[in-house]
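These are my notebook entries on a structure I looked up.

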Amino acid sequence: MTDSPLPADEPVTTAPPTAVLTEEPAAETAMTHRQVLEALSGILLGMFVSMLATSLISSSLPKIVADLNGTQSAFTWVVTATLLTTTISTPIWGKLADLRNRKVLIQVALVVSVLSSAAAGMARNTAELIAARAVQGIGAGGLTALAVVLIADIISPRERGRYMGLTGAVMAVSMVGGPLIGGVVTDTFGWRWNFYGSLPFAVVAIVVLQRTLRLPPVPRRKVKLDVAGALLIAASVSLLLLWVTFADDRFAWLSWQTWAMVGTAVVLGLLAVWVESRAAEPMIPLRLFRNRTLVLSVTGSAAVGVSMFGTSVFLSQYLQLAKGESPTMAGVMTIPMVVGLFVASTVSGQLVSRTGHYKWIMATGAGLQVVGLALMGTIHADTPFWHLAVYMVVLGAGVGMMMQNFVLAVQNSLDITDIGAGTSTIAFFRTLGGAMGVAVLGAVLSSRVATAMTNGITTLSPTDQAAAARALGDGSIPDLSALDLPPAVLDVVHNAFGDSVPELFLIGAPLSLVGLIAVLALREVPLHSKTGLEQRAEAAAARPDAAAT
């Protein structure tokens, strides 16, 4: 028997008829404003820990990789490894959120995140650092998926904008304070202490979550996790990322290695779809893709991911290697972008709550994202900072107006039983877009910088060429503050990065048009006013036989 088609944006109802509720009394579903704030404090602390773990090292990453004698490829993979495991683990965490105690899950994710961060701080080479960051991504995947799901549990879509300012504040503090604190710590105590910085915040978050977050009992039912689907998805995504990292470096884009890796990744992806279509508890339920809002939000989120992660990763290289700034100043100089993101996220959240409409806000943000990336593509090594600051504000505002509203639109259009899977699917594709974007842009940057530096060095005097060969000959990322380079060689490095990094933004600009088209194609669904807990209570009450064994 075939499934009947669903209306474009109607909730996809998939509540298991055999669910068995525990005999514990149900928790109160209606929460006061104070109770919401108390519970939200622990959730936002978890988000803060996740974002801080990444932002703390963003401004010091060039120095970290240089200190460990890493190459541009290693620089890219320090970031990509975290994004890869975050991408892979997010749907698993999301599925577990629909099946298990979410409070326990987010605390486990916190523990994984901070322990791996401590391991990264003890890394002796880039291989160990990349491995620790990969494990850290698993914890980040849990915090990314579970925080948003828990917010949906306690705050209705119609009221969520009231609290979006708090979410924006957490993002702003972690993204502004992280690079700034990370730069100061690096310049004062050494970069390794950046990885230990999130430990006390994680301990506080675990304690606060334990004391303030009260969730009703989770329905008991026999489940079988889709291990095969998870492994196939992980293998397919990993192979694609390895391909874009090694292409044009270890082999040509059009070569037998490319055909072999891409072909195998496609086959693994098709096998994953086949397995997911037959699994009892798929990691990414394919039925969700009958929902128009989810499909378009997935497309737009992937475009946002390229912009968000690519900008934050390579902007620090531009500021330090093209502008010659220290890690501390590089962190300070990113403040305009985060201010734009914070203000836009806060104001747009309030407007969503007051008007109940989100599409025009998202369309405005998508347009600003395109304009911001195009403007960033015009910068050079000698671009005045105030120009760069304006461009960053525009780009940050665009991302701030879209990022959380994609999640809001999807959660509003799904049945409560699919909130975890749907939310994690959005996070999965956003992070996948970011990971693919960072890997591809990193490969492009590596090639462009190598060519530009080679061409620039050939124009120097024999003495300067010899100095450049001694300092830059091994292909590792230079730590300009630790090298006594002649002014002519410094100019070559500044110009190489100053001309190459903006090309990445120009590549991202047309990609962001995909996000704009996706937003324009969205059909706005009126925001409902019931929290996730209230919807679950109603669903349980509508199944009088649910308590039967």
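I take buried to mean under 20% relative accessible area, exposed over 50%, and partly exposed in between (1.4 Å probe, protein chains only). This is a predicted model, in which local features need pLDDT of at least 70 and side-chain atom pairs count only at pLDDT 80 or more, while totals for chains, interfaces and linings use all residues. Residues are numbered from 1 along each chain as its sequence is written, and side-chain values use heavy atoms, with hydrogens and water left out.

Entry on confidence. I read pLDDT as the predictor's confidence in each residue, from 0 to 100. The protein averages 76, and 80% of the residues score at least 70. I take helices as DSSP runs (H or I, at least four residues), numbered from the N terminus. The mean is lowest in helix 19 (residues 532–541), at 64, and highest in helix 14 (residues 359–376), at 91. Over residues 1–28 pLDDT stays under 50. Where pLDDT is low, the predicted coordinates should not be read in detail.

Entry on Thr 334. I located Thr 334 in the loop between helix 12 (327–332) and helix 13 (335–355). Its relative accessible area is 13%, so I record Thr 334 as buried. Leaving aside neighbours within four places in sequence, Thr 334 is in contact (heavy atoms within 4.5 Å) with Pro 179, Leu 315, Leu 319 and Met 392.

Entry on helices 14 and 15. The contact between helix 14 and helix 15 (residues 385–413) includes Gly 365 and Leu 368 of helix 14 and Met 392 and Gly 398 of helix 15.

Key
Helix = DSSP H or I, 4+ residues; strand = E, 2+ residues; numbered from the N terminus. Axes fitted to C-alpha atoms, helices over the stretch in contact; angles between N-to-C directions.
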